[in-house]
Amino acid sequence: MTKIEMNYMPKSNQSKEIMDRKIEHLKIPLEYDVQHSKNYFNDIKLIHHPLPDVDFEDVDLSTNFFGKKVSAPICISAITGGHPVSKEINKVLAKAAEEEDIIMSVGSQRAGIEDPNLLDSFEITRKVAPDIPIIGNIGIGQISALNFEVEDFNKCIEMINADVMAIHLNILHELVQDKGDISYKLFRKNFQNLRELYKIPIIAKEVGTGFNQDLALILDKLGFDGYDIGGTGGTSFAAIESKRDNFDNQKYTRNPAEVFREWGIPTPLSIIYVRNVSQKLIIATGGLKTGIDIAKSIVLGADYGGFAYKFLQSAWKDRKTGSISYTVKEIRTLKNELRSSLWLMNIYNVNELKGKRDKFVILGELYQWLHQ
Ligand SMILES: Cc1cc2nc3c(=O)[nH]c(=O)nc-3n(C[C@H](O)[C@H](O)[C@H](O)COP(=O)(O)O)c2cc1C
């Protein structure tokens, strides 16, 4: 893996471990293939309509995100924070999101809570993007910890003046990484304390292994305001961990991170499962590659499409040239593809597309998943 120089001394060994992990998480997806082998969006076909009623330019992509208007249902998914390089990446992403008026998420804010010197890698987002909705991010592991303090949640909100907070459920990732959190018994109790204290919308987020129906029912009852269903088909966190060289071969014959790299529920299926039982907001993340995939997500019942890997790639390029041009171009490309998909189906705004059963067919393996 290419080396990146650090001109910052971490506060403690624990901070150093987190920082090393942060930089590896950024570089591994760029240098190795850590994508799931099957992308289930390919099993969905949208139905063409050859006579549009409105002009192409009049197709309206704008929508609302918890009361804030955005230009399109596109979200830059949680990627990073907690390292000087993360600050550069977050700056590019937030500036581009502000310019294009879309939603932006920061990565896990744990590092910012534990080491105040790393706060700026998160704070930069709000500094350069005063107007757009920004989603904060904290892990189920932190919320479930014995020493969890609600004040830490407050710190996350204040760090970026968050509009919404996401709690990520990354249990496979924790299971296959060295010293991961594998006890969540206190989650419900600690979350209920939070829920009573904070009015801010809180969403639950998966990171690439998807949602089932039971989970949506449980989280609806607990008082979550929405879901980023983070399904299988895109970046595999188990695959990322398998490249991190922390497998204990004294203990096991096979690396669990390698064995479990394909584990999870496909993104389109996760959307259907959650929409079957919940009316809450849904962000579809996990393997979306183009604006057509946003349209496919919305027709299945999602409200927004989220992208992590794609924006990691564009921001990495921009970081090197000190501009935001690749990232802005990527957002414009996604918008153009989404607008084109709608127009080609004779749909003139994104709300019109939501859950429209006669606009898609499901084929192949995804059909089998659905009808087992
Ligand atoms: C480098 C990298 C870092 C990530 N860090 C976080 C994180 O801190 N918190 C989180 O909720 N998700 C995180 N994710 C997961 C993404 O937000 C997303 O759910 C997942 O990568 C699937 O989307 P994709 O296929 O577009 O990459 C990360 C993803 C990548 C690629």
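These legends walk through close-up views of a predicted model. Residues are numbered from 1 along each chain as its sequence is written. Because the model is predicted, local features need pLDDT of at least 70 and side-chain atom pairs count only at pLDDT 80 or more, while totals for chains, interfaces and linings use all residues.

**View 1. The barrel closes through 8 strands in the order E4-E5-E6-E7-E8-E9-E10-E11.** The pairing is parallel, and the twist averages 25° from one strand to the next. Angles run from 0 to 180 degrees between N-to-C directions, with axes as lines fitted to C-alpha atoms, for helices over the stretch in contact. Strands (E, at least two residues) and helices (H or I, at least four) are DSSP runs, numbered from the N terminus. Two strands pair if DSSP finds at least two bridges between them. Look for strand E4 (residues 74-76) beside strand E11 (residues 304-307), joined in the parallel sense over 3 bridges. Here Ile 74 stands opposite Gly 305.

**View 2. Strand E10 (281-285) sits between two partners, with E9 joined to E10 and E10 joined to E11.** Each pairing is parallel, with 3 bridges from E9 to E10 and 3 bridges from E10 to E11. Asp 228 stands opposite Ile 283 in E10, and Ala 284 stands opposite Gly 305 in E11. Of the 5 residues of E10, 4 are buried. A residue is buried if 20 or more other C-beta atoms lie within 10 Å of its own, exposed if 12 or fewer, and partly exposed in between, with C-beta atoms placed from the backbone. Helix H12 (residues 267-277) lies across E9 (226-228) and E10, running at about 170° to E10.

**View 3. A shell of 25 residues surrounds the ligand.** The closest are Gly 107, His 168, Gly 234, Thr 235 and Ala 308. A residue is near the molecule if its C-beta atom, placed from the backbone, lies within 6 Å of it. Helix H1 (13-31) and helix H14 (309-321) each supply at least two residues, and H1 gives the most, with 3. The shell divides into 10 nonpolar, 14 polar and 1 charged. Ala, Val, Leu, Ile, Met, Phe, Trp, Tyr, Cys and Pro count as nonpolar, Asp, Glu, Lys and Arg as charged, and the others, Gly among them, as polar.

**View 4. Helix H15 (325-344) packs its buried residues against several neighbours, including H2, H14 and H16.** Among the buried residues of H15 are Tyr 326, Glu 330, Leu 334 and Arg 339. H15 has 20 residues and reaches 28 Å from its first C-alpha to its last, close to the 28 Å expected at 1.5 Å a residue. That expected span is 1.5 Å times one less than the number of residues. H15 is followed by Asn 346, whose phi is positive, near 60°. Asn 346 counts as partly exposed because it has 17 C-beta neighbours inside 10 Å.

**View 5. Helix H2 (residues 84-100) is mostly covered, with 13 of its 17 residues buried.** The end C-alpha atoms of H2 are 25 Å apart, which agrees with the 24 Å that its 17 residues should span. Just after H2, Asp 101 takes a positive phi of about 60°.

**View 6. Phe 66 has a positive phi of about 45° although it is not a glycine.** Most residues other than glycine have a negative phi. Phe 66 lies in the loop between strand E2 (63-65) and strand E3 (68-70). With 15 C-beta neighbours inside 10 Å, Phe 66 counts as partly exposed.

Terms used:
Two residues are in contact if their C-beta atoms, placed from the backbone, lie within 7 Å.
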